[in-house]
Amino acid sequence: MAADDYTLIGRPIPARVDGAGKVTGLTRYADDLFPARLLYGKLLRSPYPHARILRIDTCKAAALPGVKAVITGADLPRPFSIMPVNQDEHALAIDKVRYVGEPVAAVAAVDEETAEAALHLIEVAYEPLPPVMSIEEALAQPDNRIHTYNRVGNVHRVVALEFGDVEAGFAEADYIREDTFFFQGNTHLPMEQHAAVAHCTPDGQITLWSATQTPHYVHRALAAVLDIPPSRIRVIATPVGGGFGGKSDPFAHEFCAVKLSMLTGRPVKICLTREEVFYAHRGRHPVLMWIRTGVKRNGAITAMHFKSFIDGGAYSSYGVATTYYTGALQTVTYRVPNYRFEGLRVFTNKPPCGPKRGHGTPQPRYALEVHLDKIAEDLGLDPVQIRRPHLAKPFSMTVNHLRITSCALDECLDAVVKRSEFLQKHRRLPFGKGVGLACSAYLSGAGLPIYWNEMPHSGVTLQLDRSGSVCVFCGAVDIGQGSDSVLAFTVAEELGIDPRDVRLVTADTGITPVDLGSYSSRVTFMAGNAAIVAARQLRERLFAAVAEHWGIPARHLRAAQGRIFAVTDPSRSMPFAEAVQRAEAKFGTLSASGSYTPPPLAGKYKGHGVGPSPAYSYTAAVAQVDVDPDTGWVTVEKVWIAHDIGKALNPYLVEGQIEGSVYMALGEVLMEEQVFRRGVHKFPSMLEYKSPTFLEMPEVETILIESLDPEGPYGAKEAGQGPLLPVIPAVANAVYDAIGVRLDEIPITPEKVLKGLELRAKGQVARLGPRGIPAFAFPPPRCVEVPEEWLVHLPDAKTRRP
Amino acid sequence: MKTVVRLRVNGDEVEVWVPVHKTLLEVLREDLQLTGTKHGCELGECGTCTVLLDGQPVLSCLVLPIEVQGQEIVTIEGVAAGSELHALQAAFAELGAAQCGYCTPGMILTALALLRTNPAPTRQEVKEALAGNLCRCTGYLKILDAVARAAASLKDGSSYGG
Ligand code: FES
Ligand code: FES
């Protein structure tokens with residue numbers, strides 16, 4: 001059966017199964033839960049970026065009428081962190097605070113006002129310490145240490161890797177260029193403020209409802225911090241009102257809500273204020289980058305050396321992974337035969353950075369794509385000529401041992417170049433108008449889990465009811481990307497039923513099989529595959545029962561339109577529910593489980609855990625801009641974007657992810673920045689933290705390219721993060737095309753544009769960006785052998801469907 | 001200080017006993033269990049808490065209930081006719097204009113007010129009317145498509161328009 005015989009997959013059917021709840025206000029987010037006898041929790045936060053805590057006195061707060069419990073760091077002494085290495089956070093600070101906004105105490109009271117009043121009665125004596133507020137300061141002040149567990153100064157992590165022979169590669173080059181770039185940090189700004197409700201009942205069972213992308217990891221962290229067997233804890237992820245990576249860590253308010261509920265025996269809710277969301281952060285790392293590339297005259301890369309200096313904020317969070325990610329994917333788009341990567345993450349006295357859409361890869365992608373734009377100009381090539389002949393090949397291995405399967409980057413590039421008429425416009429538009437181009441790649445799920453284990457990354461259990469309805473149990477969290485819809489469509493497709501006959505129970509660690517969470521663009525790929533496995537098992541049993549009844553071979557049966565058909569005799573069919581009843585009579589209660597574990601992809605060298613993925617999505621984008629030379633304002637007029645999605649399971653959902661990614665990229669490249677003045681966040685409010693509105697959003701022409709990945713469900717790959725990547729450098733390159741000014745620093749604000757134009761007018765080098773990089777001596781790189789060229793002969797993806 | 005406030009919400013007369021400074025947003029959510037009205041800032045910056053007051057969109061986080069006694073308040077719960085979705089709701093659901101869905105109630109109510117005064121808005125007019133409502137998921141484009149589709153289906157009378 002050919003791929004286009006699907007009834008639901010790939011069809012522009014109504015986009016979502018959760019649409020009706022969301023448009024009527026029925027969907028219950030975490031802060032919409034009001035259990036009986038609810039108490040309200042609030043967190044007291046540090047006013048200092050860096051200080052010792054000398055004393056905390058909670059007596060007056062505890063004595064306030066209406067206050068039911070007050071806790072401090074001493075009540076939650078066990079550390080945690082999302083990654084098993086560097087367990088360096090506490091729910092409430094102990095001995096020291098490391099950023100403005102770090103929680104130091106928590107209160108539960110009968111209402112929010114009383115809780116707020118109690119916070120004012122908590123007395124904390126601090127001894128302020130000098131804050132460390134930048135990468136440069138972190139390196140320049142090794143004795144002013146933010147942590148002491150790390151080996152030296154404020155250095156969190158250092159990585160140095162070499163693949164192939166970089167010296168030899170540079171020696172072969174006809175031309176070598178070096179550039180430096182800076183990408184300012186920014187934040188997720190989900191519309192929903194983080195919230196959690198905890199309830200500890202007298203039987204010793206603990207339930208936490210939380211707006212989290214990773215209930216499984218929160219479950220593990222709660223057990224560790226509270227020192228309670230995980231079997232007594234149930235974490236339910238409520239529908240998440242926007243995540244983008246910002247709700248992927250375990251958070252102070254989650255631990256505190258649980259602890260306060262344990263102390264009071266009543267449900268406790270903590271909902272962060274918008275200002276607190278800026279402090280919870282875990283957003284885009286500020287990264288200073290240096291890149292040196294050797295090329296042949298035709299643009300073929302002979303060697304690349306990349307250095308990243310990463311401002312991690314006060315804690316490790318996902319930082320070890322981030323550090324590797326800033327060096328991992330450069331090789332997945334263009335053939336790089338020799339590659340050296342050096343990465344350094346430092347601690348600073350700012351809210352901890354973490355994973356935001358694209359996790360650690362948008363910064364180097366921006367640097368690499370602008371750098372290539374410059375090399376092309378130096379060599380007299382156009383931006384297509386320098387890329388097109390040197391793209392990564394499908395079913396190949398990169399020099400850093402990443403296995404590429406399906407790859408249609410060539411088609412993506414050709415599509416955007418053609419549709420945007422890029423070559424007719426580039427360097428030919430009037431002053432103030434320009435076009436820019438960039439390519440990128442991203443993971444469809446990480447190859448390895450966050451903590452080492454050999455269990456599946458995603459599991460799905462299905463239960464069939466005699467009515468013909470199916471219940472899907474899966475740990476996956478719908479954060480708006482549509483994972484519930486993908487599960488429902490997949491199961492309905494396999495069983496030939498209406499998606500409305502599929503019920504979903506998701507993201508509940510007490511009930512659903514583990515799915516690792518909504519991060520690294522893994523859910524469609526992994527939960528989708530698990531759902532297919534489970535549904536096919538059930539279908540087999542249904543077919544066996546029906547085949548027996550009709551006395552024909554099971555292989556002659558098909559499930560479609562709510563019925564089971566005999567393909568050999570189309571007049572013969574049976575309603576799905578009847579087939580279920582026959583199968584239940586034959587086999588007993590009907591349920592089945594499926595799971596997905598990525599193939600072994602890693603392990604050849606230390607650090608190879610970050611970067612491998614069962615499949616990479618590919619994207620190319622062209623941006624067209626108009627730059628007003630008087631105001632410096634950059635208007636993005638249009639974005640053309642082509643995405644190799646593998647297979648679009650639902651075109652509306654995929655387009656929605658791509659449009660959302662383009663939007664978020666435009667915010668990052670033009671306006672969003674998380675910046676500080678003397679240790680204090682400059683603008684922790686939605687009014688002053690500028691993000692694009694309807695008026696700044698251009699039209700987007702989305703082109704879906706289907707490469708049918710052999711491992712993806714129905715051939716699908718990710719769409720939620722990858723499409724953000726090329727948009728940022730495409731805009732930067734377009735601004736250069738428009739006004740001849742290189743903005744080697746993100747965001748490209750009107751002030752920077754005007755400054756650049758002024759330099760240009762004075763005949764100086766029209767560039768804004770970092771002057772250089774800190775003098776930091778990386779250790780000698782770990783040298784890794786070049787992999788043998790890898791080629792697979794996988795079955796054609798189209799034949800995956802029996 | 002607490003006081004009795006009489007409100008008219010989605011056609012129902014209700015009476016609540018609340019602190020005078022409690023916002024309409026809080027009263028709707030906490031005292032009337034109308035949690036379909038969301039909040040993203042509680043400072044008048046994001047549009048998420050939009051409700052209609054005598055047909056006009058207002059930010060409920062900035063309104064004191066005592067000021068709006070006797071006026072007609074419509075929240076997202078009052079948009080559908082029984083179980084029949086309003087054309088805007090149907091279009092948002094079908095086109096994926098609600099991703100996480102958190103901004104959706106505010107978007108739909110703002111768009112509803114627009115379509116009542118301007119049944120055939122241009123794309124630019126929709127953008128201007130909705131510019132005070134932030135959405136972080138959709139990139140706004142599917143929302144524009146949904147409003148256009150709703151306007152068209154209301155015009156040809158094929159769906160419920162409240
Ligand atoms: S919550 Fe009212 S405008 Fe943001
Ligand atoms: S749909 Fe998530 S904020 Fe708009």
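Me: What stands opposite A:Cys783 of S34(A)?
Reply: A:Glu162 stands opposite A:Cys783 in this predicted model. Strands here are DSSP runs (E, at least two residues), helices are DSSP runs too (H or I, at least four), and both are numbered from the N terminus.

Me: What makes S7(A) and strand S34 (residues 782–784) of chain A a pair?
Reply: Two strands pair if DSSP finds at least two bridges between them. Three bridges join S7(A) to S34(A), so the two count as paired, and they run parallel.

Me: How do you know that S7(A) also pairs with strand S15 (residues 339–346) of chain A?
Reply: By bridges again: eight of them join S7(A) to S15(A), and these two run antiparallel. A:Val159 stands opposite A:Gly343 there.

Me: Why is strand S7 (residues 155–163) of chain A called largely enclosed?
Reply: Because eight of its nine residues are buried. Buried means under 20% relative accessible area, exposed means over 50%, and partly exposed lies in between (1.4 Å probe, protein chains only).

Me: Why is B:Thr75 called buried?
Reply: Its relative accessible area is 0%, which is under 20%, so B:Thr75 is buried. B:Thr75 sits in the loop between strand S5 (72–74) and helix H2 (87–95) of chain B.

Me: What makes the meeting of the side chains of B:Thr75 and B:Glu77 a polar contact?
Reply: The distance is 2.7 Å. The rule asks for a pair of N or O atoms within 3.5 Å; within protein, one must be able to donate a hydrogen and the other to accept it, and residues adjacent in sequence count only if both atoms are side-chain atoms.

Me: And B:Thr37, why is that one called buried?
Reply: B:Thr37 has a relative accessible area of 2%, again under 20%, so the label holds. Leaving aside neighbours within four places in sequence, B:Thr37 is in contact (heavy atoms within 4.5 Å) with residues including B:Leu25, B:Val51 and B:Thr75.

Me: Why is the pair A:Glu548 and A:Lys586 called a salt bridge?
Reply: A salt bridge needs a side-chain nitrogen of Lys or Arg within 4 Å of a carboxyl oxygen of Asp or Glu. Here the N to O distance is 2.7 Å, so the pair qualifies. A:Glu548 lies in helix H14 (residues 523–550) and A:Lys586 in helix H15 (residues 576–587) of chain A, 38 residues apart.

Me: Are these two exposed or partly exposed?
Reply: A:Glu548, at 54%, is exposed, whereas A:Lys586, at 38%, is partly exposed.

Me: What makes A:Glu655 and B:Lys142 a salt bridge?
Reply: Their side chains meet at 2.8 Å, N to O, which is within 4 Å.

Me: How many residues does each chain bring to the contact?
Reply: Chain A gives 53 residues and chain B gives 50. The area buried between them (accessible area, 1.4 Å probe, lost on being put together, summed over both) is about 4200 Å².

Me: What should I know about the numbering and the atoms used?
Reply: Residues count from 1 along each chain as its sequence is written, while chains are lettered from A and ligands numbered from 1 in the order in which they are written. Local features need pLDDT of at least 70 and side-chain atom pairs 80 or more, totals for chains, interfaces and linings use all residues, and side-chain values use heavy atoms, with hydrogens and water left out.

Methods
Buried area is the accessible area (1.4 Å probe) that two parts lose on being put together, summed over both.
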